[in-house]
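Try each task by yourself before you go through the worked solution.

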Amino acid sequence: MIKINESYLKLQASYLFIDIARRVQAFQAAHPEKEIIKLGIGDVTHPLPDACIQAFHQGVDEMASAATFRGYGPEQGYAFLREKIAEHDFQARGADIAADEIFISDGAKCDTGNIQEIFSQEIRIAVPDPVYPVYVDTNVMAGRTGAAEEGRYKGLVYLEGTRENGFIPALPGEPVDLIYLCYPNNPTGATITREQLKVWVDYARENRSLILYDAAYEAFIRDPALPRTIYEIEGAREVAIEFRSFSKTAGFTGTRCAFTVVPKVCTAYDTAGEKHLVHALWNRRHGTKFNGVSYPVQKAAEAVYSPEGQAQARALIDGYLENAALIRREMSSLGFDCVGGENSPYIWVDGRRDSWAFFDLLLNEAGVVCTPGAGFGRCGEGYIRISAFNSRDNVEAAMARIRSALAG
Ligand code: PLP
């Protein structure tokens, strides 16, 4: 008899986006004439930078000729891309990261999900609340948690983000081994300072823990005082893995290219307390289960680092950041406290009411879709997330509609 992995039965079905879709459909059916503006999902709306498109085409053309055709590439990614990343994203910022510490992949979602496989079943895991749900669900699937009770899995340590701490959680009150951090944060849009991040790095060093640092929204940071990578923090190389993605940096959500940084000195331990290099374990896992990102996609990603690509990607993000500033300004002027929207594409709005009630109000009265904060965890109750990923026209129209709906 074939048996299932019963850990899957513990998963709380994520009704969030299904529920949103259902409510949107019902509203549209009742008001077919009304054009809904979607500021809910975190997907980009603008096309790829022209430099990426050209390199993408070139990569495809190379596959058409026997002289330039490529079969399997290195599982870890082509050197041409790894070298550009190391130079531009890390060394140029004073972060000591080499090309062979970078693993190219087809997504930060898969990487943040897959990485936990190289750690023991017994580790104590800390996750933020509110949270990007992948961190939690992948550990549930792996059998590292108990059952869910009132929206929280037993066995996980929840790092609470609140109004009081500005959604930068305090260190856990009990020992933890693996710590998920995400800045600029999804869903709250909060950013972390160097001093705040150093507290976590020092904690990890003192406790022989490891930080999984998700920097998928790093490119939205414009404030030079904020860290662009955890490796700007002294001592992070031994205790942190960083996840990055071209999805939001350069509009690659449908093209798929990302990378994970595992420094060669990053350390974990066996039951006897002996040190092991995480780089070797991840290299083994990646090489065994992954066969690399397609050549044209890696060429397109490389083009992000050309002078034209840099300017075009920056302009793309500037557009979203202007949307974010507009949303934050409008919601603040309507009297709502907001987090994020600066150095981040997300605005986390304290609705001072039930998350779903605020969602319904904006949908029914303004025809605008946001995401109820309660869908991201217990600490998200009372908030909504508004995403800046849309055209300026749509964002302006959405804000005008929200203003008149709330006035009415
Ligand atoms: N990490 C965070 C925090 C995200 O919000 C997302 C996507 O929304 C991802 C990772 C996934 O990135 P990718 O498209 O590279 O899989």
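**Before you start**

This is a predicted model, in which local features need pLDDT of at least 70 and side-chain atom pairs count only at pLDDT 80 or more, while totals for chains, interfaces and linings use all residues. Residues are numbered from 1 along each chain as its sequence is written, and side-chain values use heavy atoms, with hydrogens and water left out.

**Exercise 1. Is Glu242 buried or exposed, and which side chains does Glu242 contact?**

Step 1: Start with accessibility. Glu242 has a relative accessible area of 0% and is therefore buried (buried means under 20% relative accessible area, exposed over 50%, partly exposed in between, with a 1.4 Å probe and protein chains only).

Step 2: Glu242 belongs to strand 9, residues 240-245 (helices, H or I with at least four residues, and strands, E with at least two, are DSSP runs numbered from the N terminus).

Step 3: Look for partners. The side chain of Glu242 makes a polar contact of 2.9 Å with the side chain of Thr229, and another of 2.8 Å with the side chain of Arg244. A polar contact is a pair of N or O atoms within 3.5 Å; within protein, one must be able to donate a hydrogen and the other to accept it, and residues adjacent in sequence count only if both atoms are side-chain atoms.

**Exercise 2. Describe where the ligand sits and what surrounds it.**

Step 1: Find the site. The ligand sits in the largest pocket. On a 1 Å grid over the protein atoms alone, a pocket is an open set of points with protein on both sides within 12 Å along at least five of seven lines, and a molecule sits in one if more than half of its atoms lie within 2 Å of its grid points.

Step 2: See which elements take part. Helix 4 (108-114) and helix 7 (246-249) are the elements that give two or more residues to the shell around the ligand.

Step 3: Look at the neighbours. The ligand is surrounded by 15 residues, and the closest are Asn186, Asp214, Tyr217, Ser245 and Ser247 (a residue is near a molecule if one of its heavy atoms lies within 4 Å of it). The shell divides into 7 nonpolar, 4 polar and 4 charged residues. Here Ala, Val, Leu, Ile, Met, Phe, Trp, Tyr, Cys and Pro count as nonpolar, Asp, Glu, Lys and Arg as charged, and the others, Gly among them, as polar.

Step 4: Check the distances. Oxygen atoms of the ligand lie 2.6 Å from a side-chain N or O atom of Ser247, 2.8 Å from a polar side-chain atom of Asn186 and 2.8 Å from a polar backbone atom of Ala108.

Step 5: Consider the cover. Taken alone, the ligand exposes 400 Å², and the protein buries 91% of that (areas come from the Shrake-Rupley method with a 1.4 Å probe).

**Exercise 3. Which backbone oxygen does the side chain of Thr249 reach?**

Step 1: Thr249 is found in helix 7.

Step 2: Thr249 has 14% relative accessibility, so this residue counts as buried.

Step 3: The side chain of Thr249 reaches the backbone oxygen of Ser245 at 2.8 Å.

**Exercise 4. Find two cis peptide bonds and say where their prolines lie.**

Step 1: Asp129 and Pro130 are joined by a cis peptide bond, with omega about 5 degrees. Pro130 is in the loop between strand 3 (125-129) and helix 5 (134-141).

Step 2: The bond from Asn186 to Pro187 is also cis, and its omega is near 20 degrees. Pro187 is in the loop between strand 7 (178-182) and helix 6 (194-207).

**Exercise 5. Glu150 and Asn343 have positive phi values: is each one buried or exposed?**

Step 1: Phi of Glu150 is near 50 degrees, and phi of Asn343 is about 60 degrees.

Step 2: Glu150 lies in the loop between strand 4 (148-149) and strand 5 (152-153). With a relative accessible area of 74%, Glu150 is exposed.

Step 3: Asn343 lies in the loop between strand 13 (337-340) and strand 14 (346-350). With a relative accessible area of 13%, Asn343 is buried.

**Exercise 6. How many Å separate the C-alpha atoms of Leu48 and Gln312?**

Step 1: Leu48 lies in the loop between strand 1 (37-38) and helix 2 (50-63).

Step 2: Leu48 and Gln312 are 264 residues apart in sequence, and their C-alpha atoms are 9.0 Å apart in space.

Notes
1 Å grid on protein atoms, 1.4 Å probe; cavity = no way out; pocket = protein on both sides within 12 Å on 5 of 7 lines; lining within 4 Å.
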